[in-house]
Amino acid sequence: MGESRRELFRRRRNLAPLLREWYGRERASVEMTAYTAPVVNAGDVMRELCEKLIDGDVALFISLNSKWREIIPGQMAAFASPARFADGVLYLEVRHSALVRELTPSLDLFLERIAKAVGPGKVREIKLVPAGSISRAGGKRTKT
């Protein structure tokens with residue numbers, strides 16, 4: 001595996017005075033290009049950083065939330081929207097508590113479509129909760 005960007009920068013910084021001494025000020029900068037880091041795609045760097053910063057559950061939730069209308073088309077997407085994802089359980093928030101009973105038979109279809117969109121086995125279970133009954137941060141029910 002190659003050197004890290006930090007190691008390459010450190011090596012280049014240490015070589016600069018030596019190259020100036022050997023080649024002179026003008027030629028040293030040209031010779032320095034042999035010691036620069038290879039070109040890196042900014043998107044790859046950001047993806048790598050985000051993977052280190054974002055928890056896998058959070059990344060999956062963001063993906064589900066942004067693609068929700070594509071995964072679950074039509075009125076079904078309007079009736080239930082992702083509220084939280086933790087430990088393989090996707091909590092869908094419904095606008096009215098009566099929709100919990102109405103949408104329960106469709107949960108297998110939801111799971112099937114979600115598995116096609118994000119991969120099988122990532123979402124193991126779906127729970128329907130009335131709007132406002134779950135905290136997005138902690139997943140604990142709010143007191144009413």
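**Exercise 1. Find which residues of H4 meet which residues of H7, then describe the packing.**

Step 1. List the contact. From H4 come Leu60, Ser63, Leu64, Lys67, Trp68 and Ile71; from H7 come Phe110, Arg113, Ile114, Ala117 and Val118. Contact means heavy atoms within 4.5 Å. Helices (H or I, at least four residues) and strands (E, at least two) are DSSP runs, numbered from the N terminus.

Step 2. Sort by class. The contact of H4 with H7 holds eight nonpolar residues, one polar and two charged. Here Ala, Val, Leu, Ile, Met, Phe, Trp, Tyr, Cys and Pro count as nonpolar, Asp, Glu, Lys and Arg as charged, and the others, Gly among them, as polar.

Step 3. Take the geometry. The axes of H4 and H7 cross at roughly 115° and come within 11 Å. Axes are lines fitted to C-alpha atoms, for helices over the stretch in contact, and angles run from 0 to 180 degrees between N-to-C directions. H4 and H7 are therefore roughly perpendicular. The cut-offs: under 35 degrees is roughly parallel, over 145 roughly antiparallel, 65 to 115 roughly perpendicular, and the rest oblique.

Step 4. H4 and H7 make a right-handed crossing. A crossing is right-handed if the near helix is turned clockwise from the far one by less than a right angle, and left-handed if anticlockwise.

A note on the source. This is a predicted model, in which local features need pLDDT of at least 70 and side-chain atom pairs count only at pLDDT 80 or more, while totals for chains, interfaces and linings use all residues. Residues are numbered from 1 along each chain as its sequence is written, and side-chain values use heavy atoms, with hydrogens and water left out.

**Exercise 2. Describe how H1 packs on H2.**

Step 1. H1 spans residues 5–23 and H2 residues 25–32. Their axes lie 8 Å apart, at an angle of about 135°. That makes H1 oblique to H2.

Step 2. The crossing of H1 and H2 is right-handed. H1 contributes Arg12, Leu15, Ala16, Leu19, Arg20 and Tyr23; H2 contributes Arg25, Arg27, Ala28, Glu31 and Met32. By class, that gives six nonpolar, no polar and five charged residues.

Step 3. Look at Tyr23 in H1. Leaving out residues up to four places away in sequence, Tyr23 touches Ala28 and Glu31. Tyr23 is partly exposed because its relative accessibility is 39%. Buried means under 20% relative accessible area, exposed over 50%, partly exposed in between (1.4 Å probe, protein chains only).

**Exercise 3. Which residues have the most contacts inside the largest nonpolar core, and which elements build this core?**

Step 1. The core has 21 residues, and Leu90 and Ile114 have the most contacts inside it. A nonpolar core is a set of buried Ala, Val, Leu, Ile, Met, Phe, Trp, Tyr and Cys residues joined through side-chain atoms within 4.5 Å.

Step 2. H4, S1, S2, H6, H7 and S3 each give two or more residues to this core. H4 gives the largest share, five residues.

**Exercise 4. Is the phi of Asp87 positive or negative, and where is Asp87?**

Step 1. Phi of Asp87 is positive, near 50°. Most residues other than glycine have a negative phi.

Step 2. Asp87 sits in the loop between S1 and S2. With a relative accessible area of 60%, Asp87 is exposed.
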